[in-house]
Amino acid sequence: MKKQRESQCTQKTISLLSPLGTIQVSGCENGVHTIQILIDVAPAERSGEAPLSCVVNDSPTETSPELQRCVEWLQAYFSEPQTTGSLSLPAFHHPALQGEAFTSRVLHVLLKDVKFGETVSYKRLAEMAGNPRAVRAVGGAMRKNPVPLLIPCHRVICSSGQSGPYMSGKGNHLKQWLLTHERQRGEA
């Protein structure tokens, strides 16, 4: 039933050029459905002084306020990430973020409780979500996150301090870039 409701949405996609490469944001008038980071280039070289940019590359003529809010949030994240805490997040319109399922709970706890520049272990996040034995399920929730960056699954690391996989292991270099970006910008 949920899938049928979602398929009735008229989704639009905005393509952004970011320091990570191309980011595609899809959504409808009700909210953002997905954010996809396409691994099409190496992440931008970091410079402590110069702001990084995130520009719209391709956009439909009309977009919903929620998609526009998402684009503005992403642009701020790359150029002045410490300001994202004061920006409104767009509404989310994806089944993984609805209801009381453990995946939804984990993603909402991560969004609410792990702030810019912070990290949390899979184990600690399982505890915060109310099931300390669900460490592997937390990993599964990270893999199912439909809106990376907005829900910061890159901030979830191994208890050993290792960064752990990102984008099923294909984006580990992006996770390191994001953690460094937040650490450097948080100190600025």
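**Pockets and rings**

Modeller: Happy to, and please keep in mind that this is a predicted model. For the largest pocket, the lining residues divide into twelve nonpolar, four polar and three charged.

Biologist: What volume does the largest pocket have?

Modeller: The lining has 19 residues, and M142, R143, Y166, M167 and S168 lie nearest the centre of the pocket. Domain 1 (12–86) and domain 2 (95–185) each contribute at least three residues to that lining. The volume of this largest pocket is about 490 Å³.

Biologist: Which element gives the largest share of the lining of the largest pocket?

Modeller: Two elements are worth checking here. β3 (31–37) and α5 (135–144) each supply at least two residues of the lining. The largest share is four residues, and the element that provides it is α5.

Biologist: Moving on, where does the second largest pocket lie relative to domain 1 (12–86) and domain 2 (95–185)?

Modeller: The second largest pocket has a volume of about 270 Å³. It is lined by 16 residues, and W73, T84, G85, L111 and R155 are the closest to its centre. By class, the lining has ten nonpolar, three polar and three charged residues. Both domains give residues to this lining, so the second largest pocket lies between domain 1 (12–86) and domain 2 (95–185).

Biologist: Now the rings: is the aromatic pair of W73 and Y77 stacked or edge-to-face?

Modeller: A search of the whole structure finds three aromatic pairs. In the pair formed by W73 and Y77, the centres are 5.6 Å apart with 10° between the planes. Planes under 30 degrees apart count as stacked, so the W73 and Y77 pair is stacked.

Biologist: Which helix holds W73 and Y77?

Modeller: W73 and Y77 are both buried. They sit four residues apart, about one turn of the helix, and that helix is α2 (residues 65–79).

Biologist: What kind of pair do Y77 and F78 form?

Modeller: Y77 and F78 are both buried. Their ring centres are 5.2 Å apart and their planes stand at 85°, so the pair is edge-to-face.

Technical notes: Residues numbered from 1 in each chain as written. Predicted model: local features only at pLDDT ≥ 70, side-chain atom pairs only at ≥ 80, totals over all residues. Heavy atoms only, no water. 1 Å grid on protein atoms, 1.4 Å probe; cavity = no way out; pocket = protein on both sides within 12 Å on 5 of 7 lines; lining within 4 Å. Points joined across faces, edges and corners; volume = space filled by probe spheres on them. Nonpolar A, V, L, I, M, F, W, Y, C, P; charged D, E, K, R; others polar. Domains from an automatic or database assignment. Phe/Tyr/Trp six-rings, centres within 6.5 Å; stacked < 30°, edge-to-face > 60°. Buried < 20%, exposed > 50% of the residue type's maximum accessible area, 1.4 Å probe, protein only.
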